[in-house]
Amino acid sequence: MVKKFLAVLGILCLFLTILGCKPKETDEIVSSNKTWYLYQDQGENDTVSIKFLKNQRAEIKDVSTINGKVGINRFDNQFNNPKYVLNRDGRTITFKTAKKDLVLKIEKTYHENVYGKHMKGYSVSSGGDTYKFAYITKVDKPSANANSNKKDLSQSISAKQMPDHIIDVNSNSKPLTANNAMIGNYNFKTIIDYRRTDGNLTINQNGTYQLTLTEHSAQKLNDDTDSKVVMETLIESGQVQSLYGKYYLTPKNLLTINYYYHGQNTDRLLPKSVNLKVNSKATGNQIKRANIRIETDSNQLYLYSGDYTVRVQDGQSNKNGNLLTKSDTAQTDLRTAITQTQDYYNKYKESPLSSNADLMQLAGAISDNNDKKIGNLGVNFGGQYGTNLQPTDYQGISVNGSKQPLMQYMFLVSPSAYSQNGPAVTTTKGKFLVYGSLDNRLFLLKQPDKDSTTVTWTLVKDFPLKVPKLKFSLD
C-alpha cells in the first residue's frame, strides 16, 4: 500500500515538474533569433524593429515599414543598446530605453498576412494603445503577372467600364422554394481580423444573394465601444447552393471600396480605391475567403464562416454562429454601388473643405501618397490627432510684427519619430504639428521662440490641397 502511494506521488511530482517547466511566452520571445516588429494597422507608419541580443539587451530601431532595413536606433541613457526585464507574469517585457521605458504586455496571439508578409506573434498593449508584435514567417513570392508589372498588380479601368465585368449571378441559379425561411433581408454583427464589422445579407427567391460588409478599424476584442473609423466596404454577390444538406453562399463578384483612414472624417468618408474581383471560368477564382453557410437553429437563422469571430447578440441561443436578424432595409446593389461611389467622389472633389475634420482627412490622404509626410515632415496619425481647435486661439504674427489672417480650418497631429525635433508645438499633452488652411493653401504653425507664446504661420511648400485620384481596378 505504501509503495503504491509512493508511486502515485512520484507520478504526481513528475506531472507538476513538467507543468512548471513549460516556458513562459516572454521567455520564448527573447530566446528567439528572429527580428520582431511592433506596429499598428498594416505597419506603414512608425514601425519599431526589435532584435534580442545577449546579456539581456535588445537592438531597437524606428523603421519606416515591416522588414525595413534602415532606421534610427533607440539607446539607453549611456547610448548602449537598452536592457530588457521580464515580468514574473510571463507576459510583460520592459525595455530600459532613454527618457521613457518601452513596456509591452501580451494580450493574445495574432497572425496576419500584411502585403505578402505572413506575420505571427501577439497583440500587445503599450502606453494605453494596442499594437501588433510579430515576426515574419514567410514572404509570398510575386506571381508571373506581378513580375511583368510590378508597379500595379491590378488592371486599371474606368468606372464606366467596370460594370461590364460583373458576372451575371442570375445565370444558372437554382430558385429556392417560395416558403423558404431564408428569403429576405438580414443584419448581423461580426469581427474580421479584429475589425468590428456590420453585415447586411439579402437572400432572393431566385437563388441569388448579396452580402455587404462594412469593416471598421482594428481594436481589442473586449473594447466597450466600436471604432467609428471605416476601413472598407465589401459587396459580394453570388448564388445560394444546397450542399451536404446545408446552404452555402457561393461568390461570383466581390467589390471592395477602400477609404482613407488616417485622420478620417467619419461623417464624410473619402474613398481611395474601388476594386472588382470575380470567380469565372475565364479568370479563375479571384475571390479568396472561407466558406460561408447558413443554418437554422432553434427558429433562429445563423451565418457561419471561418473568417469571422462571433459577436454574441442579445437573445442568441447558439453562441457559435453569427445571428441574422430580419431587416426591412434593402441593400444598394453592387452595380449601383460603383456609379454611386464615382458620383459621390465627384461631388466631394468639387468642395473638399468645409470643416476642420475635412482638412485633416484631406491632408492625411495626401500624406498617405507622400510617404506619410506633409511637405517634408513625417506625421503619425497612429498617434494623437484632433480637430477641436478654434482659429481665433491661434493668431499668427508675421516677421514685421503684424497680425496674420486667421486660418479657415485647422487640425493637429503627432509628429513621426523622424520629425520629433522639428517645428512641433509643445503642449501639456505632448508635441504636435499644427496645420491650418487659408484660400486652399496649407500652413504650419511655428514658435519662433520656445519660451514665448508668439506663433507664426508658414506656408507648406509643394503640398497642394488636391483630392487624390479615385482608382478603379480589376483583379
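1. Helix 5 has 13 residues and spans 18 Å from its first C-alpha to its last, close to the 18 Å expected at 1.5 Å a residue. The expected span is 1.5 Å times one less than the number of residues. Helices here are DSSP runs of H or I with at least four residues, strands are runs of E with at least two, and both are numbered from the N terminus. Buried means under 20% relative accessible area, exposed means over 50%, and partly exposed is in between (1.4 Å probe, protein chains only).

2. Some ground rules. This is a predicted model, in which local features need pLDDT of at least 70 and side-chain atom pairs count only at pLDDT 80 or more, while totals for chains, interfaces and linings use all residues. Residues are numbered from 1 along each chain as its sequence is written, and side-chain values use heavy atoms, with hydrogens and water left out.

3. Overall make-up. The chain has five helices and 29 strands. Its C-alpha atoms fill a box of roughly 85 × 80 × 50 Å along the principal axes. Of its 475 residues, 46% count as buried.

4. Nonpolar cores. The largest nonpolar core holds 45 residues; M162, L255, I374, F411 and Y435 touch the most other members. Helix 5 (residues 356-368) gives the most to this core, with six residues. Another core lies apart from it, with 21 residues, among them F188, L201, V240 and L301. A core here is a set of buried Ala, Val, Leu, Ile, Met, Phe, Trp, Tyr and Cys residues joined through side-chain atoms within 4.5 Å. In soluble globular proteins, nonpolar side chains tend to be buried together.

5. Aromatic pairs. The whole structure contains 13 of them. The ring centres of Y39 and Y110 are 6.5 Å apart and the planes meet at 65 degrees, so this pair is edge-to-face. Y39 is in strand 1 (residues 35-39) and Y110 in strand 7 (residues 102-114), so the pair ties together parts 71 residues apart in sequence. Both Y39 and Y110 are buried. For F188 and Y308, the centres are 6.4 Å apart and the planes at 25 degrees, so the pair is stacked. This pair also links distant parts of the chain: F188 belongs to strand 11 (residues 184-192), and Y308 to the loop between strand 19 (300-305) and strand 20 (309-310), 120 residues apart. F188 and Y308 are both buried. The criterion: rings of Phe, Tyr and Trp (its six-membered ring) pair if their centres lie within 6.5 Å; planes under 30 degrees apart count as stacked, over 60 as edge-to-face and the rest as tilted.

6. Cluster and charges. W36, Y122, F133 and Y135 make up one aromatic cluster. The charged end of K34 sits over the ring of Y135, 4.9 Å from the ring centre. R293 lies over the face of Y304, 4.4 Å from the ring centre. Such a charge needs NZ of Lys or CZ of Arg within 6 Å of the ring centre and within 35 degrees of the ring normal.

7. Strand 22 (residues 373-374) and strand 23 (residues 377-386) pair antiparallel over two bridges; pairing requires at least two DSSP bridges between the strands. K373 stands opposite G378 in strand 23. The hairpin of strand 22 and strand 23 has two residues between the strands, and G375 there takes a positive phi near 70 degrees. Strand 23 also runs antiparallel to strand 24 (residues 409-415), joined by four bridges. Y385 stands opposite V413 in strand 24.

8. Where does N380 lie? N380 is part of strand 23. N380 is buried, at 14% relative accessible area. Its side chain reaches the backbone nitrogen of G382 at 3.0 Å. A polar contact is a pair of N or O atoms within 3.5 Å; within protein, one must be able to donate a hydrogen and the other to accept it, and residues adjacent in sequence count only if both atoms are side-chain atoms.

9. Loops to check. S32 lies between helix 2 (25-31) and strand 1 and is buried, at 14%. A polar atom of the S32 side chain lies 2.7 Å from the backbone oxygen of I29. K99, in the loop between strand 6 (92-95) and strand 7, has a positive phi near 70 degrees. K99 is exposed, at 89%.
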